[in-house]
Every structure is written in C-alpha cells, then in structure tokens.
Amino acid sequence: MYLYDEVLTPQIITRIIQTFESKEKPKLTQYYNYYKGTQAIMNKQATDVGKPCNKIVCNYCFNIVQNYSGYLSGIPIAYASPIDISEIIKVLNYNDYKSEDTELLRQALIFGRAFEVAYIDELSQIRFKLFDSRECIPVYDTTLDENLRYVIRYYKINMYNDKDEYFVEVYSDEKIDLYKTQAGYSTLTLISSEPNYFNQVPITIFSLNREEESIFDKVMTLQDAYNKLISSEVDDFEAFCDSYLVLRNCYAEPEDIQKMKENRVLLLGENADAQYLTKTISDTQIENMLANINDTIHKIANSPDFNDEKLMAQSGIAMRYKLVGFENNASAIEGQMKKALQKRIELICEILHLTGADEDWRDIDIIFTRNLPVNVLEISQIINQLRGIVSDETLLAQIPFVNDVAAEYEKVKAQKEENISIYSFAHENTEDEAPADPEEADE
C-alpha cells in the first residue's frame, strides 16, 4: 500500500511507478499468467535429447475463479430501494451493469483487486469502465481511515510500434492530470489537466481481501505439483510406447532390423529371445497422488469440485451443507464487492445531484443471489410467511428469477391497481342493476 499526504509531484510519481514495477507488477503478471494457463510447467525442458517433454496444464486457477464468479454473479446482482432510484437504474442499464459487475468480480478474483473509473462521455452520459489492475496504483493518506487520495494509471501508448512511450494519468478529487513519458518513467511531461466533477477520486477499488491476494494465491504451488506429476506420467507412458527392443542370442544387420520393423515380423533362432525394455510404473501410486493434490487444492481454495458425482447427486439443501467453506469465502467477497458497488453508485449520485436529482446511494440495497439449484416452492412458502413483516421489494429480491426488483415491483403495483379498477367497475354495475325497493327484489 502506498501512503502519501502531500501533493504528488512528477518526481514522486516516477518513484511510485518504479517501485510498483519492481515489486508488485511481477506478482500481478504471474496471477494473470496462471489464470490463462501460462504456468511454471511451461518452462520444463527435456533431460535428454529425444526424450518426451510434455507440458500439461490442468488449470485449477481458472476453475476456481469461474466457480466463485458464477456462484456470486451468475444470477445478476439486483438493486432495490424504498425510494425512487429510476435515474440510477437508467445509468446502470446504460452501462450494461450486469456484464460490468461480472467482469469487476473476475478481475478482483484474479488480481486481488479491481479498478473501475467513472467519467462523463461525449454525450454527457455517466459511464464507468474497468481498468487493467496491472496498470493502476492507489495512493492513500496516512490517517487511520486510509482515505484514497490518488490513483495513478500508466500504460503504453501504442502496443504495435517500437517506441516505448507511455501515458500516465493521475486522478485526484480535484482534477485529472495526463503526462507523457518514456521507458523508465524518469521524465514526465504534463500534456493536459481536466477538472474532476465527481468531487472525489472517480475510481472504484474492489479489494478482494486485506492482502490483495488472488483467490488462488495459496494453491499455486499445488497447481505446479499437479502439472509436474501429470506431465511426467504422460512422459513415462510415451517413453513406454517407444521402448527399446532387446534381442538376445541373435545377430541382425541394420537392414534386417528395418525390414522386421516394416513387416512387423521377427525371425529368431532356436535359443534367441526378444522383449521390450520398459520402466516399471506404479499407476496406483500416481493416481493416489493426483487425487490427494486435487482434494487439497479444493480444500485450501474452499472451491468445490463440481465434477464430483457425489456432490452433484445431493439435494439443494444437502449441497449447501457441503459448501459451508465455499459460502463463507463467498460471503466475505460479497461484503467487499458491496463496498465497491456502493462507491460506484455514490459517484453516479454526485453527477445526478448536479442535474437536480435527489437520489441517495445510502438507501439502495445491493442484493446477491447465489447461483445454485433452488427449491422455488420452498422459497415461495417462506415469502408468504414473511408477507407483512418484510417489505415487498425485499421479498421480490428473494425470488431467483426476478432480476430487476424495482421494475418487477412496479409491474406488481400496476397489476394490483388494474385489478382494483376492474373490481370497482364490476361492483358499481351490480349496484346500478339492483332494485331500489326490497319488495321488488322479493318478487
């Protein structure tokens, strides 16, 4: 974490970037490589020329990220409020927030943190967009609150030319400065400075945990061990297929051996013998080691093995008991993501207030729905029991197939009003047709 209370000068910016380049960026790059499958096994080299050298990646890192991402955001995150938040929902929909939420979570799971910038586009619309976590450096003050003071973003101007030219953007609560620099970042030239209308640093930071470690950080060595073991097993099997043929008590010219290989026939003398020279392989031992590593990876990462038939054969409730560790981790991640999404909404409200809107980000409830098989009948029974105790919007948010709680609430409200109108109309007709005299009614 970078702490600094003074105004950022070009010299300080250079020192922060150089420190980040040498200490933190290599770790972030390694996280990305392991997620994509470029892992340590890819550096493996054959001990002898001509020997098999397989480089097999069984990518647990990718699977762990996908499991948590699908579990938390597979069902889109919902936003509910007792007040009118239609303007905020319009902004969220304009930015395709469902896709953005999923990508924000994925980046945080991979890198341990994710960055999202809020800005005003050419059409005067509020926008938000993800930054590459390998390009962003947050700077906080030295108070106990550790308030965000700056975010430095640096990136290469053109990835397809030979010049190492970079832009450096510095976001503060007052302005956004743009610098240009060369490789090494030793000299920064100010290009432009624009006012910041958000009244705070317009960057949302989603930190996965206090250490800002990837979700798979603690299983990377186990990932390497699994890759190495399975690659070596395939090497041994491939070597077995290319075993040496041992001929005893016989003599053959190279031409004879070649003909034997082509015709797949061996002509041996009376006391001659032929057999392959093979290495004894204990398949059972290797399978046990692979199974143990697999189980340990899932245990440490608290990520279930959804390929396990025993797990998938369980009922929804039984499966939840099996996923206690997974759920505990997911709940912690959910708490951190809610902070980030609240900051995003707070930035949106800052601009909406300039246009006269009175939305308050504090009144918005951010609702996560776990993406697991659910018993809809059981949920409906619980909702009916809670009716009158909990608000209708909160109850609607518990229904797994309701994505937009606010819109669904308005539909239900409109439907109730329509039903009341129809009932009132029918009631009025009945009164008009009824005879005024009770004696006429008897007749």
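The legends below describe close-up views of a predicted model. Local features need pLDDT of at least 70 and side-chain atom pairs count only at pLDDT 80 or more, while totals for chains, interfaces and linings use all residues. Residues are numbered from 1 along each chain as its sequence is written, and side-chain values use heavy atoms, with hydrogens and water left out.

**View 1. The salt bridge between Glu24 and Arg113.** A salt bridge is a side-chain nitrogen of Lys or Arg within 4 Å of a carboxyl oxygen of Asp or Glu. Side chains of opposite charge can pair when their charged atoms come close. In this pair, the closest N and O atoms of Glu24 and Arg113 are 3.4 Å apart. Glu24 sits in the loop between α1 (10–23) and α2 (25–36) and Arg113 in strand β3 (residues 113–120), so the contact ties together parts 89 residues apart in sequence. Helices (H or I, at least four residues) and strands (E, at least two) are DSSP runs, numbered from the N terminus. Glu24 is buried, with a relative accessible area of 18%, and Arg113 is buried at 4%. Here buried means under 20% relative accessible area, exposed over 50%, and partly exposed in between (1.4 Å probe, protein chains only).

**View 2. The salt bridge between Arg127 and Asp121.** The N to O distance between these two side chains is 3.6 Å. Arg127 counts as partly exposed, at 24% relative accessibility, whereas Asp121 is buried, at 11%.

**View 3. Glu327, Arg370 and their salt-bridge network.** The side chains of Glu327 and Arg370 meet in a salt bridge of 2.9 Å, N to O. This pair links distant parts of the chain, 43 residues apart: Glu327 is in helix α11 (residues 324–354) and Arg370 in the loop between β13 (365–367) and α12 (376–386). Glu327 is partly exposed at 23% relative accessibility, and Arg370 is buried at 13%. Glu334 and Lys338 belong to the network with Glu327 and Arg370. A search of the whole structure finds 19 salt bridges.

**View 4. A nonpolar surface patch at Leu245, Leu266 and Leu268.** The patch made by these residues covers about 230 Å². Patches consist of residues with over 30% relative accessible area and no salt bridge; like charges are joined within 9 Å and nonpolar side chains (Val, Leu, Ile, Met, Phe, Trp, Tyr) within 5 Å. Accessible areas come from the Shrake-Rupley method with a 1.4 Å probe, and for residues only the protein chains shown count as cover. Leu266 lies in the loop between α7 (254–263) and β12 (273–277) and is partly exposed, at 38% relative accessibility.
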